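Let's take a short tour of one protein model. Have a look at the picture first, then read on.

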Amino acid sequence: MNLKNFFNGKSNQNTNGEQLIKIDVNRGYEPSEVTIKQGVPAKLVFHRTNDAMCLSKVQSQDLAFDEALPLNQDVEIPINTDQSGEFNFACGMNMFHGKVVIN
Ligand SMILES: [Cu+2]
């Protein structure tokens with residue numbers, strides 16, 4: 001994947017037609033709200049640059065994921081886009097929050 005093709009929070013399609021949405025993890029999530037298109041395969045791509053342990057995990061009950069975020073690495077999390085609506089995610093301690101809108 002070519003990171004130069006990313007614009008934060010905007011969906012970009014890769015060659016497989018997937019939406020890739022990059023979210024920087026530093027002082028929380030940037031952007032903290034992203035929109036993806038329903039019915040098109042999508043992945044959130046988290047990239048953590050802050051060593052605070054608090055942010056080393058991202059989780060979502062709404063979207064059924066719970067992932068470690070190693071420092072300075074892209075972590076891809078596939079999203080089920082059969083559904084639509086607003087879905088929340090948060091850090092491991094539920095202090096920082098973000099939202100995925102599928103429509
Ligand atoms: Cu936290």
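## Ground rules

This model is predicted: local features need pLDDT of at least 70, side-chain atom pairs count only at pLDDT 80 or more, and totals for chains, interfaces and linings use all residues. Residue numbers start from 1 along each chain as its sequence is written, and side-chain values use heavy atoms, with hydrogens and water left out.

## The sheet

Start with the open sheet, where five strands line up as S4-S10-S9-S6-S7 with mixed pairing. Strands here are DSSP runs (E, at least two residues), numbered from the N terminus, and two of them pair if DSSP finds at least two bridges between them. At the edges sit strand S4 (33–36) and strand S7 (65–68), each pairing on one side only. On average, neighbouring strands of this sheet are turned by 20 degrees against each other, direction ignored; the axes behind such angles are lines fitted to C-alpha atoms.

Now zoom in on S6 (residues 57–60), which pairs with S7 in the antiparallel sense over four bridges.

Most residues other than glycine have a negative phi, and most peptide bonds are trans. Ala 64, in the loop between S6 and S7, has a positive phi of about 60 degrees.

Finally, the peptide bond from Glu 30 to Pro 31 is cis, with omega near -5 degrees; Pro 31 is in the loop between strand S3 (28–30) and S4.

Conventions:
Axes fitted to C-alpha atoms, helices over the stretch in contact; angles between N-to-C directions.
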